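Colleague: I would like to learn how to read aromatic pairs in a model. Could you walk me through a case?

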Amino acid sequence: MAADNIKYRFIQNIGDYFPSGYFGEDFIDKVQKASGLSSDDMNALCPPFVALRGEYEKYKNYIVNTNPRVKDAILHTHDFHTRLLKILGYNTSQPYDRFYSIDEDNNSVVPVRH
């Protein structure tokens, strides 16, 4: 997918972490400057995430408090991640194309779509 299709391409996580001071009082100003968007345009990006927050709380409660079967936890996780990817502007019909091992014996993997 071309980067132009991704709404939040101005957010860059270099080295898989954000420095500890990154989320200081001027975080919103940093994001707005990096995005090149006006305040109104930035505010227009928020509603989908506000709606997703309630879904995340339901998802987290299900995973943490109901002790679901592995099969059900995987399904719920897939469904939640699909909604998140869609909000971020990714193609959610793309199949998983990579699998990253999380143990030395390659018995446990994390499927990745993008």
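Modeller: Let us begin with F80, which is buried at a relative accessible area of 6%; buried means under 20%, exposed over 50% and partly exposed in between, with a 1.4 Å probe and protein chains only. This is a predicted model, where local features need pLDDT of at least 70, side-chain atom pairs count only at pLDDT 80 or more, and totals for chains, interfaces and linings use all residues. Residues are numbered from 1 along each chain as its sequence is written, and side-chain values use heavy atoms, leaving out hydrogens and water.

Colleague: What describes a pair of aromatic rings?

Modeller: The distance of the centres and the angle of the planes. Rings of Phe, Tyr and Trp (its six-membered ring) pair if their centres lie within 6.5 Å; planes under 30 degrees apart are stacked, over 60 edge-to-face, the rest tilted. Three such pairs occur here.

Colleague: Is the pair of Y56 and Y59 stacked or tilted?

Modeller: Tilted, because the planes stand at 45°, with the centres 6.4 Å apart. Both residues sit in helix α3 (residues 47–65), three residues apart, about one turn; helices are DSSP runs of H or I, at least four residues, numbered from the N terminus. Y59 is buried at 16% relative accessibility, while Y56 is partly exposed at 35%.

Colleague: How are the rings of Y59 and F80 arranged?

Modeller: They are stacked, since their planes are at 5° and their centres 5.1 Å apart. This pair links distant parts of the chain, with F80 in helix α4 (residues 70–88), 21 residues from Y59.

Terms used:
Helices (H or I, at least four residues) and strands (E, at least two) are DSSP runs, numbered from the N terminus.
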